[in-house]
Structure formats: C-alpha cells, structure tokens
Amino acid sequence: MKREVPLFLTAVIGVFMILSFFVPHQWVSVPADFLQASAVILVAFGYVLGGANALRVNFDAIYKRSPGWPYKIVLVVSLITTVVVGAIEGRTFLNEHMRSKWIYDWIYSPMSSTMFSLLAFFIASAAFRAFRIRTVEAGLLAVAALIVMLGRVPLGDLLSDWLFQAKWLPGAPHTLHLSSLQEWIMDVPQNTAKRAILIGAALGVMATGLRVILGIERAYLSGED
Amino acid sequence: MLALALLLAAPALAHAAAADSATVTTPAPGTPPAPRPASGLVGADVPNDAGKAIRLDWRASPDDTAGARLVTGYHLARATSPGGPWTVVDSLAAGTVGKTDETVDRGKDYFYRVDAVGPGGLTPAGSVTGPVHAASQWFNTTRWSVFTAMALFFGFVLYYMSSARAGKKPFVRRIPGIDAIEEAIGRATEMGRSVLYVPGIQDISDIQTVAGLVILESVAKLTAKYETPITVPVTYPIPFTIAEEMVKAGHLHAGRPESYDPNSVRFVSPGQFAYVATVTGIMLRDRPAAHIFMGSFFAESLLLAETGFATGAIQVAGTANVHQLPFFVVACDYTLIGEELYAASAYLSGEPRLVGGLKGADLMKLIIITAVIVGCVLETLHLHGLTLWMTTQ
Amino acid sequence: MAWHETLEKLDRRWLFLIMGLLVAGPLVRPAGLPLKVSPPVQSFNDAIDKLPNGSTVLMSCDYDPSARPEMVPMNRTAFRQLLSKDCRVVVTVLWNAGPGLVEETLNDVAKEFPGKTYGVDWVNLGYKAGDDAVMVLMGQGIKNAFPRDYRGNDTARLPIMQNVRDYSSFPMLVNISAGFPGTKEWVQQVQSRFHLPMVAGVTAVSAPEYYPYLQSGQLRGLLGGMAGAAEYEKARGEKGTATKGMDAQSLAHVFVALCIVLGNVVQWVKRREAA
C-alpha cells in the first residue's frame, strides 16, 4: 500500500491534468484549476521544510566539529537572523528603512551580483583553455562564435566599417557587415539547430512524464522495487 | 378610432418602453445631435470553453467615423428578459464592434443590446438580441492536432515498451557520456576521493530534475558498490527528500545499506548563486575526483564546470537547457545533450521497457520530420490546411 | 621557455586581471562607441508604441539582483515608455528575491512622472510562489491570484484593478526575465493558450533560445542582454546604464575573441613543433 497508493494517485492526477488540456468542460477544468492552486500552496510550504533541513544538517556539523564548522555557525546565525527579522517586520519587510531591506540591499544583492559577475572571468579562461579547433566542425563553430561575439557589440560594426572602407578592399554591401552576419547566424542556422534540440527535448519530457504516470519510472517514490 | 389606434400602437409603445429603460437624452441647443444607433448585434456562445463567455459583435453607428466626433463610445447592456431590467456590462470606446462578455452564468439565457453614446446623448439600439447562453464543451476542437500527436506518441512508446518486455529489445547506440559515468566513479574510487553529484538547480516540477534524480539512483548504486563517498547538494526541499531516498535505495540495491551516510545529501538553498557558492566551496575544499551534473542548469553552469576543471576532476554533464550546453561542452569531459539526459535512465538501468520507450520517441521524431517537410511543401504551394489544423487555441 | 609554452602554462588569474581592467576602464572613462538598433529590438519598441494610449498593460519582471545589469535597464526603459503613453501598468514578480529590486526600479521611474499615482496608473502586485502554476492561476483571475499587492493593499479596491479580470483585460504582456520562471513559461502557459501579444527582454545567454518564438510571431519583440537594453535605450533616445556599459562589454567581447584565437595559435604552434 505504501507504494501502490502514491502510484495510483500519480497515475490518476497525471491523466486528469493531461485531460484538462483538451476538455474545457467545468467538470474537468474546475478540479484542474484547484490542483494548480494547490501546487502553489505546496511549494510555499516546501520552504518551511527546507529551512528546517538546513538547520538540522548544519547544527549536526557544528556539534561534530566537522571541517569548516565556524562557517556553519555564520550560516545558521545568518539564516535565523534573516527569518526572524523578516517575520517581525511582516508584510512590509522590503519597504524603505526596514532591516530586511538593508540585508537585501547590502548583503544579498551585492553577493548575488558578485557571483554572477564571476562568469565574465571564467568565460575568458574557458575560451583560452578549452576552445580548441580540432575538427572542421569546431572551426566553423569558432568562426561563427567570433562573428556573433563581435557583431553584437558596437566595436564589431566599427571594425567592419573600417575593414570595408579600406582602400585595398572596396565598400562591401551591408549584408557583409558583422552585425548583419550576426543577425543572420542567429536567425537561420542557430534557430534551426535550437528548434531541433527543443523538439527532441520536448519528446524526452513527454516520455519521462509518461513513464512517471504509468509507474514505470517509480524511483521518485523510493528506490525499493 | 382613437381607441383602435392606441390598441394597435400598444405593443410598439411597450417594446420601446422596455428597450428604452436607458434615458434618451435630448441635446441642449448648440450641442451636436445624438448619434445614430449601432445595429446588427449578434451574440453567440464562445466555443471551446467552460461556458463562461458570450461573444457579441455589432455594426458601428453610421456616425462613428474618424473626425466626426458624434460617437464617443458604446454601452453594452444585458438583461435576462427582453424587457429588462438592463445592466450595463461594459463601456467601450468608439470604433469598437465586438466584445466578449465573461461575466455570464453558464446555461442562463441572456438578452443584449448596444447603445451608442456621444456628446449629443445616448441612443439606444433599435433592437435586442437573444436569448443566448454560454455552454460548456467537452472537447477543445482546436487541439485535435495536439491530441492526435499525443495519441500517436503514447501509442508508439507503449507498443515498443511491451514488445521490449516480450523480448524484442531494440538496438540503441552507445552514448559516451553515459558510459563515462562509471569511468568517473571508478577513477574517484582509485584516487580515494568522493563523487559530487549535482541534480540541477530546479524544483521537482522541472522534468529535468526528475531525470537527474532517477540517474542519481544508478550513480548511488555504483558508489555504494565501490564504497566511494558521494555528496549530493540540492536546492529545493522536495528534490532533497527524493535525493535522500535515491541514495538510500542505491545503497540498498548494492547490498550495502549500512554504508549510507545521511549527511551525504545536503539541502543548500534555492538561491541560485548561494547554491553555486556552496557547491564550488565543496569542490575546492573536499576535492571530489568526479563531478556529475545532471539536470536543469542556468547561469551557474560555467561557474560550476570551470571551478571543477580547476580542481582536476573528471566531469560529466547533462542538461536539456540548450543555452547552457556550450559551457558544459567546453568545460566538461563528456556532455549529454538535450534528450540524452532523459534517455540516460534507460541506458543505465538497461530495463527493457525504458529502452523500448526510446524507440517509440525516435519514431515520433520521424513523424515530426515528415510533417515539417510536408508542411513546408504545402506552405510553399499556398495550401494552408495542414498549418491551420495544427494551429491551436 | 618559448612564448607559446609560457602562454600555455599561463596562470588564469592573469586573464582575470586583464578582463577586470578591460571592464573597469571604460566604466571610468567611457569611449562612447556608436550603437545600432537591431530588428528584434526595434520590433520590441514598435510593439509597445503601437499600443493604444491609456491601455492597461501586464508587465512581469522575473529577475533578481544577480541579473541587475541586464534586466534593470530594460525594465526602466520599458516602464518609462509605457507611462509616457499614459498606459496603466500592472506588474507581477515571479522570482522570490525580485520584488524589492523591481519596486525600487519602478519607483525611480515613476518619480519622473509626477502626475502618475500608485494604484491608479501602476501597481506592483509583488511576488507569489508557484512559478508557472501562478501563471495558470492568473488566467482564472488576477485579483484572485494576487489578493494583496506588494504594499499590502487590497487589490480589489485599487482603481487600476477595477477593469482588470484576467489576461483578456490586457492588450499586451511585457516580460523582463532572467531565467525560470520566465519568458519560455509565459509563452507556453499564457501566450499560446490565451493568445496574449507578448514582448520579452531576456539575458544575453538565453536570448538565442527565444529566436524561434520571435520568428514564429509568438514574441513580437526581443531584447537580448545588456546589448539589447542599450539598443532599446538608443531607440528611445535615452542614455542609461546599459549604454554606459556597452563600451566595457565591447572590450570584453574582443578580449574573449582574442583568447580563443590565441589559445588555438598556441595549440597549432605546439602541434607543429611536435610534428
């Protein structure tokens, strides 16, 4: 029963939600809307569960003096402080002059932006280290990448303007300018490949969903057969 | 005679009185005249819905022209009987010739009229339309194409699943990335270091997370078999509990339930970059020898992969988020692209039903390719039937 | 050690340093490189321009502080364009760390229009948990999905919400999105079901994914990353933070291109020597 009931529920609700896409009648659409609303509530409660787990794991690590345990204290204190301050300040917790707003503006926001900005540096090092032209296809990819990268910024247009205005290379039609080439690459070959991968991935999603609904892929429940 | 005239005029007078429950205002001297009425009002049930809407269309007042300024708008009024009482449902700008009334009760008969309004006053409609009621439909007829494609797809997948279970297991080509997973775990075992498994950063509502967690069970089974520690940081609570079950089950299937470490699966944070900071910290401190990224990733993918590369770990990644694939391809040793992620569980488990399902999906792809080619040819010949049939609402 | 061996063994922190200087330099001393408005950006601008003045528009700002440099300029310029057309703007946020930043951005722009009042001309409905389930919920009724706005007001009592029922109340959706939930989910759950005309501003890394939607007409315009935001500012005759950042981005792109070329030159020389 421990496995059969969830599997049965999954199958029934899964089929019902598929049906709701095709059947507009209120006998189907009203319960389907209710299930969608319930999903929103479930997700909200999930945060409570997550917070409790984070505290449990980190308290355990602090108690056992696991490597890096002082940082776990920082994490726990930050978590509790942010939650308590936000709970006290209530609905207006992100209004001006609120402590939660201060935490958001001066701690969370800069730290998120800093982590994201690391991408710029990592892209440079990845480009230097790993982008090797070993085959014809890789060469084509490199040329396309260079055209798109340069064509998307003002410097690219300056470069092609300069190139095509040189005496040894008479003016070329605008279609050969880097920005136009870049637009064509994005509109045509890139779009085509993207669509093909999207269609394949969508079929994969449907297949996985069908396996879950039919109970063939039951690992999400627990691994025991 | 007078009595006869009054008798004959009575119905018209009564109808006019009923239709004119709105006040007909007489323009003051110097103001423009009241606009001529709108006409041709028709009402119909909106199809393919749950009986929540009625569509009204009418012809504009002849005075409703650009520059004339005799019409400022229309009042759409509704009643449950032709004589009223009338309630204005909506006020619409000049030039409007249609409106969908979505405030109706299902199955109830309604009567409508549209009054023209201008600086000179309000002119009621010459006639009332009705009765019209909103009804539910049992099938959205614009979605036949989707239903057909879905039925075909499910049919193919179920057929090949059952034929694989009966012994006709189809051939599937090897995917190097999936073969590399066991190689990566083996390498971590030789080096005496752990395996880091990242099941994507999305919640369980993303099918890629489901796929990532399913693969986790096979990976956990292998790590348990080789007695290699595994670390699984997770972003959301629900995938966290499922990941715990996966790892526990993996150890159970490998015959080593006692080797399961409850702290191997860690809830981190739904915050994208908070999660990345934690995972890169694990990579730099704990130095796992193998990194496996399977699931939905966004901007953090290059941060994870490049930091992982710097530690010298072998890295296998798989995602259906196309915009992150280039980063994984560049920085990881092996990458599963798009649907290969969804196929991975079939490959790793080798279960005939799952492998059969792959063939069903492949056949559906062939149908789609054929439809694309046929559709392009038909469109080129200006034959739009197939395109129109495939357009949904 | 030969030059190519030095380059091959180069500590990547030198690359980080060069990148840092190239990005910081133009921010201190802008070069003012000329910008060209690309067709997807022009379409974005034109789609909003074609809206009837005074219409009520839905704007979903789905991002958080990490995507600030790309998203905030788009958000500001789009909100400014809508207010200048006297459009009423209903704003939702589907990222839990986003509402504060979105509110700050909207307030900043609203100050430029002293005649505009919160609750009458624009409203920030704030965040609701549920990702794409919220999009479906909004289809049943915006006020049901958001009974209170970001400032705690009852949405049913706000003047701007009086004629707002569901998606049919809007002529357009303007979506500024940094990932999930975002543009793809809006297209799948709302645009294709309710046929709501839609324009989107997205991060540069995900912009290629939305070109199919632009080509099929599901998106009427698309802004891609800070470059798209800068082009949009140019189309509007403005010079905001995105325009100022384009010089830095130009140099960064050129540097990455050089890294690719240099890396391959080093590999080619090494292979030649080995041969």
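**The sheet.** I found an open sheet of six strands in chain B, with the order 11-10-9-12-13-14 and parallel pairing. Strand 11 (265-267) and strand 14 (334-337) of chain B each have a single partner strand, so one side of each is left without a neighbour in the sheet. Neighbouring strands of this sheet are turned by 15 degrees against each other on average, direction ignored; the axes here are lines fitted to C-alpha atoms.

My notes on terms: strands (E, at least two residues) and helices (H or I, at least four) are DSSP runs numbered from the N terminus, and two strands pair if DSSP finds at least two bridges between them.

**Where I am reading from.** This is a predicted model, in which local features need pLDDT of at least 70 and side-chain atom pairs pLDDT 80 or more, while totals for chains, interfaces and linings use all residues. Residues are numbered from 1 along each chain as its sequence is written, with chains lettered from A and ligands numbered from 1 in the order written.

**One pair of strands.** I looked at strand 10 (residues 230-234) of chain B, which pairs with strand 11 of chain B in the parallel sense over three bridges. V232(B) has V265(B) in strand 11 as its bridge partner.

**Chain B against chain A.** Which chain gives 60 residues to the contact, and which 48? Chain B gives 60 and chain A gives 48, where contact means C-beta atoms, placed from the backbone, within 7 Å. Helix 5 (residues 237-253) of chain B gives the most to its side, with 11 residues.

Note on methods:
Axes fitted to C-alpha atoms, helices over the stretch in contact; angles between N-to-C directions. Contact = placed C-beta atoms within 7 Å.
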